[in-house]
Amino acid sequence: MFAGMTGQITAAQFHEADGVEDWRCVYHLVSACFTTGSLASGLALVDAIGRLADETEQRYLTIDLREAGVTVSLGLRDIALARRISAAARDLGISADPAAVQLVNVTLDALVGPEVLPFWRAVLGYRQIGEDYLSDPSRRGPGFGLQQMDTVRPHRNRMHLDVAVPHDQAQARIAAALAAGGRLVSDAHAPMWWVLADAEGNEVCIATWRGR
């Protein structure tokens with residue numbers, strides 16, 4: 001299914017494709033976390049991915065190598081490369097841990113977004129994407145977005161985290177947060193996102209691609 005697809009696709013279409021069981025959609029990307037257990041094993045996988053990337057057209061590719069594992073992120077339409085990376089990992093005896101995938105963004109509620117965005121772009125050294133989002137050019141730091149407010153909300157913090165998790169891990173992540181002393185603020189937009197808060201009212205959104 002979708003073997004020859006080269007245009008834009010949805011997260012649902014990606015997950016319906018064959019051979020992408022290791023991968024999970026988080027916002028505009030798909031990611032896989034491969035458990036290597038050593039830098040030597042991780043480097044072998046990274047080397048294999050590098051060769052595959054040279055042979056396969058892709059829209060986006062980042063690789064994060066750590067002693068415990070390798071995290072790879074691709075564009076939604078890069079199904080062919082995702083399949084080949086999974087196959088390379090299997091050939092090396094390396095398994096994936098889909099539950100370990102996540103993407104974190106920082107979101108600021110702003111009344112005058114266009115006026116404050118240049119400040120944050122300068123402070124972070126990020127590049128602007130669209131009207132209200134900043135991205136780390138090195139692809140190491142979290143994204144930074146503005147959320148337009150109509151009125152001041154004096155009793156709520158104006159900055160929060162957005163944590164995108166695999167759609168099949170959202171309920172477990174929410175349950176863990178609630179068990180750790182958090183509370184559910186709103187599920188009005190679920191399963192696209194849930195708003196949680198800690199004991200002091202500091203908020204975080206747990207997000208998935210579902211409902212987009």
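The legends below describe close-up views of a predicted model.

**Notes for all views.** Residues are numbered from 1 along each chain as its sequence is written, and side-chain values use heavy atoms, with hydrogens and water left out. Because the model is predicted, local features need pLDDT of at least 70 and side-chain atom pairs count only at pLDDT 80 or more, while totals for chains, interfaces and linings use all residues.

**View 1. The largest pocket and its lining.** A pocket is an open set of points on a 1 Å grid over the protein atoms alone, where a 1.4 Å probe fits, with protein on both sides within 12 Å along at least five of seven lines; lining residues have an atom within 4 Å of a point. The volume of the largest pocket is about 950 Å³, a volume being the space filled by probe spheres set on the points, which are joined across faces, edges and corners. Its lining has 35 residues, and Thr62, Ser73, Leu103, Arg139 and Arg140 lie nearest the centre. Two or more lining residues come from each of β2 (29-35), β3 (61-65), β4 (69-75), β6 (103-110), β7 (127-129) and β8 (133-135). Strands are DSSP runs (E, at least two residues), numbered from the N terminus. β2 gives the most, with five residues. By class, the lining has 15 nonpolar, 13 polar and seven charged residues (nonpolar: Ala, Val, Leu, Ile, Met, Phe, Trp, Tyr, Cys and Pro; charged: Asp, Glu, Lys and Arg; polar: the others, Gly among them).

**View 2. The second largest pocket.** This pocket has a volume of about 570 Å³ and a lining of 22 residues. Tyr27, Thr107, Gln147, Asp162 and Trp193 are the lining residues nearest its centre. At least two lining residues come from each of β6, β9 (143-148), β10 (159-164), β11 (183-186), β12 (193-197) and β13 (203-207). The most come from β6, with four residues. The lining divides into eight nonpolar, eight polar and six charged residues.

**View 3. β12 and its pairing with β11.** Four of the five residues of β12 are buried (under 20% relative accessible area, with a 1.4 Å probe and protein chains only). β11 and β12 run antiparallel and are joined by three bridges; strands pair if DSSP finds at least two bridges between them. Ser186 stands opposite Val195 in β12. The hairpin from β11 to β12 passes through six residues.

**View 4. The hairpin of β12 and β13.** These strands run antiparallel, with five bridges between them. Leu196 has Val204 in β13 as its bridge partner. Five residues lie between the strands of this hairpin, in which Gly201 takes a positive phi near 95 degrees.

Methods. Buried means under 20% relative accessible area, exposed over 50%, partly exposed in between (1.4 Å probe, protein chains only).
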